[in-house]
Structures are given as structure tokens and as C-alpha cells.
Amino acid sequence: MLVSQNFKNKILNTYNSGNYFDVEQDATYLLSKGFTDPWLCNLLAVSLAKQKKFSQAIKYFEILCDLFPNEFDNYFNLANLFRDANKPKIAIKHYLHSHKIRPLCVKTILEISKIFYKNEEFENSLLYAKKAKKIEPNSYNVIDLFGKIFFLKGDFQKSLSEYKKIKNINEKRHDVELNIASNLYQLGFLPKSKKIFSRLSSKKAKYNLGIINLKEKCFDVGWDRYELGIELGERKLRVGKKLLRMLPKWEPNLNFNSILIVGEQGIGDELMFSSLLKNLNTKKYKLGLLLDERLKNLFCLSDLKHEFVTTFNEAIEKKYESYLPIGSLCKYFLKRESDFARATNFNFTNNKIKRKKLKLINNNKVTIGISWYTNNKQFGPKRNIKLKQFAPLFANLDANFINLQYGDFKTEIERVSKKINKCLFVEDNTDNKNNIEGLAEKILACDMVISIDNSTLHLSSLLKKDTVALIPEVSDWRWFDNSTNSLWYPKTIILRNTMSWDKEIIKLIEICKNKFF
């Protein structure tokens with residue numbers, strides 16, 4: 001039995017007014033009375049999806065797919081549901097099916113490409129983006145997709161070129177200018193980038209302007225704008241927004257007895273921002289840390305009075321009264337450059353260190369730890385240094401070298417060892433990625449650590465080890481500009497790649513020779 005046109009019009013009016021629950025009620029009632037119109041089933045599924053009742057909506061779209069296996073819209077809508085339900089693998093299966101039914105449909109090709117780039121499968125993403133470009137070469141959505149892919153894979157020059165094409169098309173000018181400014185910033189054109197961000201009114205523009213403010217050491221306005229990153233999702237917290245609403249945000253003037261410090265971003269960020277924790281009066285506050293679990297054993301060796309909390313629910317059970325994202329400590333304690341002296345790195349007990357050093361090394365040579373790679377797909381290309389570029393360091397210094405790099409680099413290490421006819425590293429079997437306590441012991445067994453911009457650099461610096469940071473010419477904001485000293489870490493010096501890493505390695509050899517030989 002089919003629905004009359006009059007009733008269709010009535011339900012459509014309800015749908016168009018946004019009353020999705022009423023549509024659900026009407027459609028469910030009609031289906032229960034024996035109406036079998038596919039249109040009705042489709043509208044019910046869409047209305048359920050609009051209410052984020054994904055499991056119910058999926059059920060109806062699956063029925064439609066079974067009834068009409070060659071109907072494009074059913075598979076496309078089903079794929080959208082799985083995408084919105086954060087099930088990308090199932091979503092892409094249905095997008096591919098809808099693509100097979102209608103191979104020239106650009107919206108399907110774009111969704112497939114987006115899933116691949118969000119999963120950092122950039123080559124597959126580009127493959128489908130190119131298919132879309134052949135069909136609609138001047139489409140805003142297609143060119144924007146190319147811009148996003150190149151930006152996420154760290155090819156900022158190509159991304160900039162794509163967004164300049166859109167500027168000529170003159171669509172969605174605000175978004176285009178925002179992306180042009182973001183690329184200019186990553187390419188090191190700060191004045192041009194700042195000029196564009198300053199004239200844009202969006203919160204995202206203000207957040208990015210705040211990053212530039214921080215890089216320029218304008219901390220008062222910079223930290224306020226940095227806070228927008230939480231709302232925008234640019235600062236990814238370990239706890240979702242809905243859960244965090246269960247607790248008020250900590251502020252110094254409010255009378256709280258306990259604070260849950262919520263981690264954010266990656267382990268490197270949590271290590272760097274943790275240098276400010278001692279500014280909180282642990283005699284006044286019960287301090288809970290909800291950070292990367294790999295840090296638990298390390299922080300247990302510190303002199304920081306705290307409790308490590310595994311989940312937000314555990315914090316609620318333990319009656320924590322407030323929360324604070326760990327990066328927001330900066331807003332309260334780093335209002336000017338001189339305040340960085342307050343970033344007092346807490347101390348770690350070293351009762352295991354001598355044993356670790358004796359186990360690793362049985363001579364009196366200088367010991368140097370090295371880390372040269374980050375897995376970060378976006379920034380790794382400009383931060384990473386090939387191990388073979390350190391060959392002059394290994395060849396010219398009569399020292400013990402310790403591998404502080406996480407990941408499997410056995411083949412690369414063997415290749416460089418063979419090239420210089422020398423065993424590069426002291427042997428050990430520590431899991432540098434997951435055993436942070438063990439990595440810390442290795443770092444403390446070193447006389448010096450050399451590292452690119454990754455979590456090992458922050459760990460070494462937090463441990464107050466003499467550290468050389470190898471930073472690209474266009475650096476992350478936290479390394480600021482035109483300085484060889486780190487504001488965050490007094491015992492860390494910065495070598496910046498202004499010409500080539502080969503020249504900086506020569507400078508690095510001189511630093512080591514002057515310090516130890």
C-alpha cells in the first residue's frame with residue numbers, strides 16, 4: 001500500500017520544518033498499518049539519522065538496499081550513516097558500492113577520498129581526488145579536497161597553489177583565505193599570514209592568529225586565543241566535551257580543593273606542559289593527572305605530588321571538583337617571557353640510573369643518545385633527518401652512542417653501520433615507544449642527547465639532560481624564532497636548519513668536541 005500525495009506533502013512539510021521526531025512518529029505509524037512505500041521507509045531512515053539514531057536508521061537503509069540493490073541513493077545514504085557513526089571501514093564499503101552503481105558521481109568519489117585522507121592514506125586519497133578532478137576540474141569541493149590532502153601530508157606549497165586556484169574561482173572566500181594563511185604560516189611567511197588572519201572574523205582565524213602571537217612571544221593575547229583551540233577541536237583533549245561538562249573548569253579565583261589535569265595532543269605536548277605542574281600548590285589542591293598511560297610509571301618516580309587517573313569516570317568516582325586541560329596552565333603561569341623561569345621541571349629519582357649505565361656501557365667514553373625521526377605524517381617530512389646524515393658524527397667522535405629512536409629502524413641502522421664500518425649503537429632491548437620509564441633511564445645514562453622535534457626531545461629536556469634540539473628552519477611555535485636557547489628547557493640548545501642538515505651536523509660535531517673532548 002502506497003502513501004497518498006497529500007500525506008506525502010504533509011510529512012515533507014514536517015520534515016522541512018526540522019521536526020524530525022514528528023516525522024519518525026508519523027512514518028512509523030504508517031508502516032505499522034501496512035504501508036510499504038519505499039519513499040516512506042527512506043524518509044523515516046533519514047529522519048532517524050538527523051536525530052543521530054544511527055543504529056535504527058541503518059536498519060531501514062539496509063532493508064532498502066536489500067529491496068533495491070541497484071539504487072544508488074540507498075547505498076550512499078547508508079554509507080553516510082556509517083561515516084557519521086564513526087565507522088569509516090564500513091562506510092567506505094558502501095561508498096564503493098554506490099560508486100560502482102554511479103561511477104561519475106563526484107559526491108561519492110569525494111567522500112571516498114575524504115575517508116582515506118582522514119586515515120592518513122594519502123596516496124589512495126589522491127587517487128580518488130584525481131578521478132573527481134577529471135569529472136569536475138573547476139569544482140570548489142574538488143580543489144578544496146586537493147588543498148586539504150596536501151596540507152595534511154605536509155606539502156604546504158602544493159596546498160597553497162590549490163587554494164590560490166579557488167581564490168580565482170571566487171567561492172567561499174573566507175574559508176579559502178583561512179587556508180591560504182595557514183599554508184603561508186607553515187611555509188614561514190608570518191607577516192603575510194598574520195595580515196590575512198587579522199582581517200578574518202572567525203574563531204579559527206583568531207586561534208591561528210594566537211599561534212603567531214605565541215611564536216612572536218606576545219603571550220598575554222596569545223594564550224587567550226590559544227584557548228579557542230579547545231572549542232574548535234584543534235587542541236584534542238583526552239576527554240570529550242560532553243563528559244567534561246560534568247565538571248567546572250578550574251580558575252585560580254574559584255574555591256576548588258581538587259583539579260583533574262586533562263592531557264591533550266600527543267605525549268610530547270603532555271611532557272612539555274607538565275613542566276608547569278609544580279606551579280599548582282599541591283598543598284592546597286589534590287592533583288589528578290589524566291595523561292597518556294605510558295607516563296604513569298615515569299611520573300611515579302618524580303617528586304610531584306599527584307594521583308594518576310586512568311579514566312574520566314574514575315575521576316568522577318574520586319570526587320574531583322574541577323578540571324583543566326594541561327595546555328591551559330600556560331594561560332595562568334606564562335604571561336610574559338620572564339615567567340618561563342617558573343616552568344620548573346620537577347625532579348626524578350635516579351636510583352636506577354647507575355645500574356642502567358653499567359648494564360649498557362663498560363667503558364669511560366662519553367655517551368650520546370640520538371633520535372632522528374617522528375611518525376607525524378604532516379610535519380615529519382620537514383622535521384626528520386635521515387640516519388645516514390649523522391654518519392660524520394659517528395665517524396668523528398670516539399663515543400658511545402645510544403639509540404633513543406622509537407620504531408623499527410634495524411635496516412637503516414645496519415646500512416649506516418656498514419657504510420662507516422662501525423657498530424653505531426650500544427645494544428639494548430628497551431621498547432622506546434611504550435616503555436617511557438626505560439627510555440628515561442637510557443636518557444639519564446647519557447652525557448648528551450641529540451634529537452629532532454619529537455617526544456624524545458621533550459622527555460630529555462624535561463629530565464634536565466644536556467640536549468641539542470635539531471629544529472627545521474620553519475619551526476613549531478613552541479621553539480619560537482631566532483634563538484639558540486629554549487625558553488621551556490634551560491639545558492636545551494637549538495640548532496636550526498637554515499641551509500642544510502649536513503651543515504648543522506658539522507656544527508653539532510663542534511659542539512660535542514668543545515664540550516667533551
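D476 sits in the loop that links β8 (467-472) to β9 (492-497). Helices and strands here are DSSP runs, numbered from the N terminus: helices are H or I with at least four residues, strands are E with at least two. The model is predicted, so local features need pLDDT of at least 70 and side-chain atom pairs count only at pLDDT 80 or more, while totals for chains, interfaces and linings use all residues. Residues are numbered from 1 along each chain as its sequence is written, and side-chain values use heavy atoms, with hydrogens and water left out.

Stay with D476. Its side chain makes a polar contact with the side chain of R478, at 2.4 Å. A polar contact is a pair of N or O atoms within 3.5 Å; within protein, one must be able to donate a hydrogen and the other to accept it, and residues adjacent in sequence count only if both atoms are side-chain atoms. Leaving aside neighbours within four places in sequence, D476 is in contact (heavy atoms within 4.5 Å) with K215, R383 and D453.

Now step back into β8. Here 6 of 6 residues are buried, meaning under 20% relative accessible area with a 1.4 Å probe, protein chains only. T467, A469 and I471 point one way; V468, L470 and P472 point the other way. Both sets are buried. Strand β7 (residues 448-452) runs parallel to β8, joined by 4 bridges. Two strands pair if DSSP finds at least two bridges between them. Within this pair, I452 stands opposite L470.

The partner of β4 is β1 (residues 258-262), paired in the parallel sense over 3 bridges. V262 stands opposite P325 in β4.

Last, the whole chain. It holds 27 helices and 9 strands. Its C-alpha trace spans about 90 × 55 × 45 Å along the principal axes. Of its 517 residues, 52% count as buried. Among contacts with a separation of 6 or more, 63% come from residues 24 or more positions apart. The chain exposes about 25400 Å², and carbon and sulfur atoms supply 49% of that. These areas come from the Shrake-Rupley method with a 1.4 Å probe.

Definitions and conventions: Buried means under 20% relative accessible area, exposed over 50%, partly exposed in between (1.4 Å probe, protein chains only).
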